[in-house]
Amino acid sequence: MYIRCLDGYYFAAARTALQNQHMNEPWTRDQLLVVFNLYCRIPFSKTKANNPLVIEVARQIGRSAAAVAMKLGNFGSFDSALRAKGIKGLSGASRADRAIWEEFNQDWAKLSIESGLAADRFPGSSLALPPERDVASRPVDGYLAKCADIVSGPSETAREVKVRLHQRFFREAVLASYGDSCCVCSNPVPQLLMAAHIVPWAEREDLRVNPRNGLCLCSLHHDAFDNGLWAIDDTYQIKLSSALRAYLPSRILEVNFVEFSCAQIRMPDKFWPEKEFLAFHRSNLFRE
Ligand SMILES: [Zn+2]
């Protein structure tokens with residue numbers, strides 16, 4: 001029995017999963033948390049059973065890679081960005097899958113901590129990170145390893161570690177969704193890429209870790225966005241501010257900004273930016 005995968009390929013996930021010795025055991029909350037964390041941190045096109053990261057996570061949580069890939073597909077079935085692209089997730093998502101999805105779509109900060117703690121509870125676990133995205137985010141040694149003691153306390157260290165885990169999760173989720181390149185100019189250099197907040201970090205604590213409040217931008221487009229020199233309209237088109245246009249004509253501005261004016265940003269493969277957040281940015285930061 002073959003199942004149509006989300007990006008159009010075919011694979012024998014169902015058959016392999018049936019051979020999985022754990023197939024009949026219900027998924028635990030910890031297993032679901034770890035796989036949901038993985039869903040957030042890798043591009044959707046890489047949620048396949050042959051992805052080394054999927055294989056490694058499967059090994060750590062005691063499931064087959066095919067079963068983990070199917071679970072990633074189940075989470076994809078809830079994602080409105082994928083549905084908007086006409087991609088249907090795998091059917092067969094369980095009530096537990098949906099419960100995890102809904103729980104953490106309400107509280108991304110909680111997910112970034114709880115999934116780390118869940119991974120910590122698997123023996124010998126140290127959930128690997130995609131190396132190419134790890135350049136500017138090495139704040140927490142071992143990331144998911146042995147952090148339970150640190151984050152459970154009220155100390156300054158605990159608070160710092162939590163903030164760094166939040167920042168790391170946000171960066172991972174946003175960069176993965178945009179395929180590790182600027183959604184304006186497609187700059188792919190990891191050292192120059194930022195997970196930018198649409199509603200500023202200081203403005204809404206509840207949105208700091210929400211990947212739908214993020215854009216993957218290069219340093220230049222990030223600074224310009226934070227300073228209201230450009231914005232994104234309701235159709236995801238780039239609008240330049242009069243403050244920036246005041247410096248035209250300028251060859252460098254032509255190349256870096258005018259070229260992209262009125263074009264749509266490159267949309268992420270999941271976690272589309274929330275229109276409400278983009279409207280906030282236009283109303284409060286954009287120097288129209
Ligand atoms: Zn850029």
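## Helix packing and cysteines in a predicted model

Helix α4 crosses helix α6 in a right-handed manner, where right-handed means that the near helix is turned clockwise from the far one by less than a right angle, and left-handed anticlockwise. The contact (heavy atoms within 4.5 Å) involves Lys-71, Asn-74 and Phe-75 of α4 together with Asp-97, Ile-100 and Trp-101 of α6. By class, these residues split into 3 nonpolar, 1 polar and 2 charged.

This is a predicted model, in which local features need pLDDT of at least 70 and side-chain atom pairs count only at pLDDT 80 or more, while totals for chains, interfaces and linings use all residues. Residues are numbered from 1 along each chain as its sequence is written, and side-chain values use heavy atoms, with hydrogens and water left out.

Looking at the whole fold, the protein chain has 13 helices and 6 strands; these are DSSP runs, with helices being H or I of at least four residues and strands E of at least two, numbered from the N terminus. Of the 288 residues in the protein chain, 52% are buried.

Now to the cysteines. Buried means under 20% relative accessible area, exposed over 50%, and partly exposed in between, with a 1.4 Å probe and protein chains only.

| Residue | Relative accessible area | Class |
|---|---|---|
| Cys-216 | 0% | buried |
| Cys-262 | 46% | partly exposed |

How many disulfides are there? The count is 0, a disulfide being a pair of cysteine sulfur atoms within 2.5 Å. The sulfur of Cys-216 has its closest cysteine sulfur in Cys-182, 6.6 Å away, so the two are too far apart for a bond.

Terms used. Nonpolar A, V, L, I, M, F, W, Y, C, P; charged D, E, K, R; others polar.
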